[in-house]
Amino acid sequence: MSEDFELDTDDLTRRMEGAMGNLRTEFASLRTGRASASMLDPITVDAYGAPTPLNQVGTVNVPEPRMVTLNIWDKALVGPAEKAIRESGLGINPQLNGTIIMLPIPELNEERRRELSKVAGQYAESARVAVRNVRRDGMDQIKKAKNNGMSEDDQKLWEGEVQEMTDSYIKKIDEMLEGKQEEIMQV
């Protein structure tokens, strides 16, 4: 029966890659003193009864290095979009000009850089937890197979492979965090 067991490492890899992709998206949303359209990606506004990303209710532009503009298509969504930006924790004060919301990007002070660095650390920890959850699922599959007759040698081999995969993804997350924190702290 143990010869029939084959751990789906492709599925585990895909799920760990998903955690990495999510981390990249979250890191892109952290501003580093320069304007970027992607900084609005995680913000959603309640549009027509459903949470909708800002880039789906208007056009996002970066006309200058320190300015992001959001041209809202539906006038009724200007107020909710402005409120969503204020409550997002980006530390940006939106300015209204008709249906255009202007977002001037202020210089980051040392305190704000430290805060953003901590937020980056929290994002990285969430990604590590997601990777560890995938690891746990893989280990659970191996335990079930052991209960169904898998040899201890095979169990150790599979557990080693899952742990090695987990360690490599945790290392990648740590490297991404280090790079992002360096970028945030750069004056």
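The following legends describe close-up views of a predicted model.

Local features are reported at pLDDT of at least 70 and side-chain atom pairs at pLDDT 80 or more, whereas totals for chains, interfaces and linings use all residues. Residues are numbered from 1 along each chain as its sequence is written, and side-chain values use heavy atoms, with hydrogens and water left out.

**View 1. The hairpin of strands S1 and S2, with tyrosine 48 in its turn.** Strand S1 (residues 44-47) and strand S2 (residues 50-53) pair in the antiparallel sense over four bridges. Pairing requires that DSSP finds at least two bridges between two strands. Strands (E, at least two residues) and helices (H or I, at least four residues) are DSSP runs, numbered from the N terminus. Valine 45 stands opposite threonine 52 in S2. Two residues separate S1 from S2 in the hairpin. Tyrosine 48 is placed in the loop between these strands, S1 and S2, and has a positive phi of about 55° although it is not a glycine. Most residues other than glycine have a negative phi. Tyrosine 48 counts as exposed, at 66% relative accessibility; here exposed means over 50% relative accessible area, buried under 20%, and partly exposed in between (1.4 Å probe, protein chains only).

**View 2. The hairpin of strands S3 and S4.** Strand S3 (residues 58-64) and strand S4 (residues 67-72) run antiparallel and are joined by five bridges. Two residues lie between S3 and S4 in this hairpin. Threonine 59 faces asparagine 71 of S4, standing opposite that residue. Glycine 58 is also found in strand S3 and counts as buried, at 3% relative accessibility. From glycine 58 to valine 45, the C-alpha to C-alpha separation is 11 Å, and the two residues are 13 apart in sequence.

**View 3. The salt bridge between arginine 14 and aspartate 11.** A salt bridge is defined as a side-chain nitrogen of Lys or Arg within 4 Å of a carboxyl oxygen of Asp or Glu, and by this rule the count comes to 11 salt bridges. In the pair of arginine 14 and aspartate 11, the closest N and O atoms are 2.4 Å apart. Both residues of this pair lie in helix H1 (residues 9-29), at a spacing of three residues, about one turn of the helix. Arginine 14 counts as exposed, at 54% relative accessibility.

**View 4. The salt bridge between arginine 15 and aspartate 137.** The closest N and O atoms of arginine 15 and aspartate 137 are 2.3 Å apart. Arginine 15 lies in helix H1 and aspartate 137 in helix H3 (residues 110-147), so the pair ties together parts that are 122 residues apart in sequence. Arginine 15 counts as partly exposed, at 27% relative accessibility, and aspartate 137 is likewise partly exposed, at 24%.

**View 5. The salt bridge between arginine 128 and glutamate 125, and alanine 130 in helix H3.** Arginine 128 and glutamate 125 form a salt bridge in which the closest N and O atoms are 2.6 Å apart. Helix H3 holds both arginine 128 and glutamate 125, three residues apart, about one turn of the helix. Arginine 128 is buried, with a relative accessible area of 12%, whereas glutamate 125 is partly exposed, with a relative accessible area of 33%. Elsewhere, salt bridges that share partners join Asp11, Arg14, Arg15, Arg136 and Asp137 into one network. Alanine 130, in helix H3, counts as partly exposed at 29% relative accessibility. The C-alpha atoms of alanine 130 and leucine 70 are separated by 33 Å, and these residues are 60 apart along the chain.

**View 6. The negative surface patch.** Glu6, Asp8, Asp10, Glu161, Glu164 and Asp167 form the patch. Patches are made of residues with over 30% relative accessible area and no salt bridge; like charges are joined within 9 Å, and nonpolar side chains (Val, Leu, Ile, Met, Phe, Trp, Tyr) within 5 Å. Asp and Glu count as negative and Lys and Arg as positive, while His and the chain ends are not counted. The place of a charge is taken as CG of Asp, CD of Glu, NZ of Lys or CZ of Arg. Accessible areas come from the Shrake-Rupley method with a 1.4 Å probe, and for residues only the protein chains shown count as cover. Helix H4 (residues 152-185) gives the most to the negative patch, with three residues. Aspartate 167 lies in helix H4 and is partly exposed, with a relative accessible area of 43%.
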